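I opened the model to look up its side-chain contacts. These are my notes, kept in the order of the searches.

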Amino acid sequence: MKKHFSHPHPLKLSVPALHKDDEYEADVVCSGCEQALIPADPVYTCSERDCEFFLHKSCSELPRHTEHKSHPDHEFTLLSEPPEHSLYYDCNACGDLIRGFSFHCNKCEDFRLHVKCAFLAESVDSKAHKHTLSVEYSSRQKSEEGGSGDNMVLCDVCDCCLTEGYWFYGCKECDFHTHLVCAISAEGPPDEAKEEEEEEDLEGLSDEQRLMLASIKAKDQMVKLQFQMQMAQLNAQTISNLCRF
């Protein structure tokens, strides 16, 4: 049993298994990082019956205090939930609401990060671009020479707006910009060698395991489509707002 500051009850360690009729891993998320549980990845669950609390083992070991390059002058404290009286507790990296753990600046009341964003890779190799992409901690709108700086910067993957002030991945050499999620989820040209390798891996699996893997892939695609729809809606709203002025 383990005690953790984020939960009042003792926690027990378990390892999610892969079962045909068990959607436990796909539908249940970690109470810390808000990411889905993964089969064979150790997770803490509440020892009390009917208490739905799940915590990745790695999330249970997060430091209580840390620093970050995006906000170098102040220290961050790990919070298990949004502060009391927080009406809209969003992440300064991606702009999404924080419902689980967060790293909160000890000095600035309005600067906080998702756990997943705080440990985001500083550089990634994406299928969307030939060069390694580096994270930029504050997107700014381009301005033409002599312009007012109101031009929008579009994501080169989904063609939707990059929201000013939030993080993005970019290549300065090519003036390439992309949302954080787009850089990671971007689809490249078909890789025939990889597809053949995946087919070989499937040969040793039972029908039950094949069904579960197909279900997981389908859900991944659904998440990507939902994100693209949200970006499209945000893009339309931004353009509408600009047209009012």
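**Entry 1: ground rules.** I am working on a predicted model, in which local features need pLDDT of at least 70 and side-chain atom pairs count only at pLDDT 80 or more, while totals for chains, interfaces and linings use all residues. Residues are numbered from 1 along each chain as its sequence is written, and side-chain values use heavy atoms, with hydrogens and water left out.

**Entry 2: cysteines.** I searched for disulfides, taken as pairs of cysteine sulfur atoms within 2.5 Å. The count is zero. I then checked how far C33 is from its closest cysteine sulfur: that sulfur belongs to C59 and lies 3.7 Å away, too far for a bond. For C182 the closest cysteine sulfur is in C158, and at 3.9 Å this is also too far for a bond. I looked up accessibility next, where buried means under 20% relative accessible area, exposed over 50%, and partly exposed in between (1.4 Å probe, protein chains only). C33 is buried at 9%, and C182 is buried at 4%.

**Entry 3: salt bridges.** My criterion was a side-chain nitrogen of Lys or Arg within 4 Å of a carboxyl oxygen of Asp or Glu. The search returned four salt bridges. One of them joins K57 to E61, with 2.7 Å between the closest N and O atoms. K57 is partly exposed, at 29% relative accessibility.

Another salt bridge pairs E122 with K69, at 3.1 Å from N to O. Where do E122 and K69 lie? E122 is in the loop between α3 (115-118) and β9 (123-124) and K69 in the loop between β5 (65-66) and β6 (76-79), so the pair ties together parts 53 residues apart in sequence. I take helices (H or I, at least four residues) and strands (E, at least two) as DSSP runs, numbered from the N terminus. E122 is partly exposed at 43%, whereas K69 is exposed at 57%.

I also noted K172 with E136, whose closest N and O atoms are 3.8 Å apart. This pair links distant parts of the chain, 36 residues apart: K172 sits in the loop between β11 (168-171) and β12 (176-178), and E136 in strand β10 (residues 133-136). K172 is exposed, with a relative accessible area of 71%, while E136 is partly exposed at 23%.

**Entry 4: aromatic pairs.** I paired rings of Phe, Tyr and Trp (its six-membered ring) if their centres lie within 6.5 Å, calling planes under 30 degrees apart stacked, over 60 edge-to-face and the rest tilted. The count came to four aromatic pairs. Among them is the tilted pair of F5 and F101, at 6.2 Å centre to centre and 35 degrees between the planes. F5 lies in the loop between β1 (2-4) and β2 (7-14) and F101 in the loop between β6 and β7 (102-105), so the pair ties together parts 96 residues apart in sequence. F5 is partly exposed at 33%; F101 is buried at 1%.

I logged F103 and F119 as edge-to-face, because their ring centres are 5.8 Å apart and their planes stand at 70 degrees. F103 belongs to strand β7 and F119 to the loop between α3 and β9, so this pair ties together parts 16 residues apart in sequence. F103 is buried at 0%, and F119 is partly exposed at 48%.

**Entry 5: charge over a ring.** The test here was NZ of Lys or CZ of Arg within 6 Å of the ring centre and within 35 degrees of the ring normal. I found R64 over the face of F5, at 3.7 Å from the ring centre.
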